[in-house]
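Subject: Structure for you to look at, with notes

Hello,

I am handing over the structure that I have been working through, and my notes on it follow below. Please keep it open while you read, so that you can find each residue as it comes up.

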Amino acid sequence: MANYCFTKYAIEGKKEVLEQVADAINRGEGWMVKSIENLGLEVDEDEYSPRAEWYKGARVEERDGVSVLFFTQAYPWEEIHIVADVLAQLGDKEAKIYYFIECFS
């Protein structure tokens, strides 16, 4: 039986960058590669798993004066570094990424 993993993200950062990412995720047909292309960034097919999905419904909220992006990713959880790469390429190298991983088998 296959294992299924879901990663839930809360990212604190620059509001304009987080809104860009949320918009790209919501327009990306669910697939991480498509979302990254929507941001105008290069996609390295060897690094970005074609199986990884970022679920639509990404949103940016203000929490105590801090902009926070919320979204969920489905398998593979080991690609968390890609989120940091995307934020850095968009100009937010100081974003704080919090995540929770749940796996089921």
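A residue is called buried when its relative accessible area is under 20%, exposed when that area is over 50%, and partly exposed in between, with a 1.4 Å probe and protein chains only. This is a predicted model, in which local features need pLDDT of at least 70 and side-chain atom pairs count only at pLDDT 80 or more, while totals for chains, interfaces and linings use all residues. Residues are numbered from 1 along each chain as its sequence is written, and side-chain values use heavy atoms, with hydrogens and water left out. Helices (H or I, at least four residues) and strands (E, at least two) are DSSP runs, numbered from the N terminus.

Let me begin with the salt bridges, where a side-chain nitrogen of Lys or Arg lies within 4 Å of a carboxyl oxygen of Asp or Glu. The structure holds five of these salt bridges. One of them joins E102 to K8, with the closest N and O atoms 3.4 Å apart, and this pair links distant parts of the chain, since E102 is in strand β5 and K8 in strand β1, 94 residues apart. E102 counts as partly exposed at 26% relative accessibility, and K8 is partly exposed as well, at 42%.

In another, the closest N and O atoms of K15 and E62 are 4.0 Å apart; because K15 lies in helix α1 and E62 in strand β3, the pair ties together parts that are 47 residues apart in sequence.

R27 and D23 also form a salt bridge, with a closest N to O distance of 3.0 Å, and both residues lie in helix α1, four residues apart, which is about one turn of the helix. D23 is partly exposed, with a relative accessible area of 40%. Elsewhere, salt bridges that share partners join R59, E61 and R63 into one network.

Next comes helix α3 (residues 80-89), whose buried residues are I80, I82, V83, V86 and L87. They cover an arc of only 155° around the axis, judged by the directions from the helix axis to the C-beta atoms, and so they lie on the same side of α3. Just after α3, G91 takes a positive phi of about 105°.

Best wishes
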